[in-house]
Amino acid sequence: MTDDLDVIRVPVIVANCPPGRITEDLYASAGGVRTIANQPNRTFAAQNGIVKCGGSWQQLGEKCFLAVAGSNRDWKDARSDCQTRAGTDLAVIPDQATTTFLQSMLAGVTSQYWVGLHDLPNENDFRWVDGQSLIDTNYTNWAPNQPNNGWLFSEDCVTFKPSNGKWNDAACDFGTRPYICERNSCK
Ligand SMILES: [Ca+2]
Ligand SMILES: [Ca+2]
């Protein structure tokens, strides 16, 4: 046996990422072949820094999105479920291009989906899970008369309505919903 265990194969080229590194999990999900056993945390240099999302994930530029339906959760449990996947959190919608993409990804869907926007620490100071404020992104898409922080319950977590792309603040732990996870396609 003369196999060079450091040789990797280049995954399918479907997106342009900056030169860099990808995780083994992401590499495998992109159709790459694991060549080094028993090193689950090892990262591989991508020869051309290019990788696709893999599985049911949908790609927009350097981002991968996954709509999770059929196992509805409250907001915190939805976020936890996203975070069980490497490098993943609830989706951030920083611009109209992302709104349009998610609308097309969920065309015909009537449910409202949790996304990664909340004002849990400070009322009416909405932040994305990546730390960006709405001033940072300079983009909002609230439904009319939202956010209203509810009536009987405070509303500190935000839903995305695929049919019109609009946001509503909703009670984080009152009722369960489908949700959208996001990760970077290039690690
Ligand atoms: Ca609130
Ligand atoms: Ca509301």
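Helices (H or I, at least four residues) and strands (E, at least two) are DSSP runs, numbered from the N terminus. With that in hand, welcome to a predicted model, in which local features need pLDDT of at least 70, side-chain atom pairs count only at pLDDT 80 or more, and totals for chains, interfaces and linings use all residues. Residues are numbered from 1 along each chain as its sequence is written, while chains are lettered from A and ligands numbered from 1 in the order in which they are written.

**Overall layout**

- The chain holds 4 helices and 10 strands, and their order from the N terminus is β-α-β-β-β-α-β-α-β-β-α-β-β-β.
- Of the 187 residues in the chain, 32% are buried; a residue is buried if 20 or more other C-beta atoms lie within 10 Å of its own, exposed if 12 or fewer, and partly exposed in between, with C-beta atoms placed from the backbone.
- Among contacts with a separation of 6 or more, 69% link residues 24 or more positions apart; two residues are in contact if their C-beta atoms, placed from the backbone, lie within 7 Å.

- In strand E6 (residues 113–118), 6 of the 6 residues are buried.
- In a regular strand the side chains alternate between the two faces of the sheet.
- Both faces of E6 are covered, with Tyr-113, Val-115 and Leu-117 buried on one side and Trp-114, Gly-116 and His-118 buried on the other.
- E6 runs antiparallel to strand E8 (residues 157–160), joined by 3 bridges; two strands pair if DSSP finds at least two bridges between them.
- Within that pairing, Tyr-113 has Phe-160 of E8 as its bridge partner.
- Strand E7 (residues 127–128) is also antiparallel to E6, through 2 bridges, and there Leu-117 is partnered with Trp-128.

**Strand E10 and its partners**

- Strand E10 (residues 177–184) is largely enclosed by the rest of the structure, because 6 of its 8 residues are buried.
- Strand E4 (residues 63–73) is joined to E10 by 7 bridges in the antiparallel sense, and Leu-66 stands opposite Cys-181 in E10.
- E5 pairs with E10 as well, antiparallel and over 3 bridges; here Asp-89 has Glu-182 of E10 as its bridge partner.

**Helix H2**

- Trp-75, Ala-78, Arg-79 and Cys-82 are the buried residues of helix H2 (residues 75–83).
- Seen down the axis of H2, these buried residues fall within an arc of 100 degrees, so they line one face of the helix; the arc is that of the directions from the helix axis to the C-beta atoms.
- The elements covering the buried residues of H2 include E4, E5, E6, E8 and E10.

**Loop residues to look at**

- Asp-95 sits in the loop between strand E5 (88–90) and helix H3 (96–105), and Asp-95 counts as partly exposed because 13 other C-beta atoms lie within 10 Å.
- Leaving aside residues up to four places away in sequence, Asp-95 touches Thr-137 and Tyr-139.
- The C-alpha atoms of Asp-95 and Thr-140 are 7.9 Å apart, although 45 residues separate the two along the chain.
- Asn-124, in the loop between E6 and E7, has a positive phi near 70 degrees without being a glycine, and Asn-124 is exposed, with 9 other C-beta atoms within 10 Å.
- Asn-145 lies in the loop between H4 and E8; this non-glycine residue has a positive phi of about 65 degrees, and Asn-145 counts as exposed because it has 7 C-beta neighbours inside 10 Å.
- Pro-147 belongs to the loop between helix H4 (134–137) and E8, and the peptide bond from Gln-146 to Pro-147 is cis, with omega near 0 degrees.
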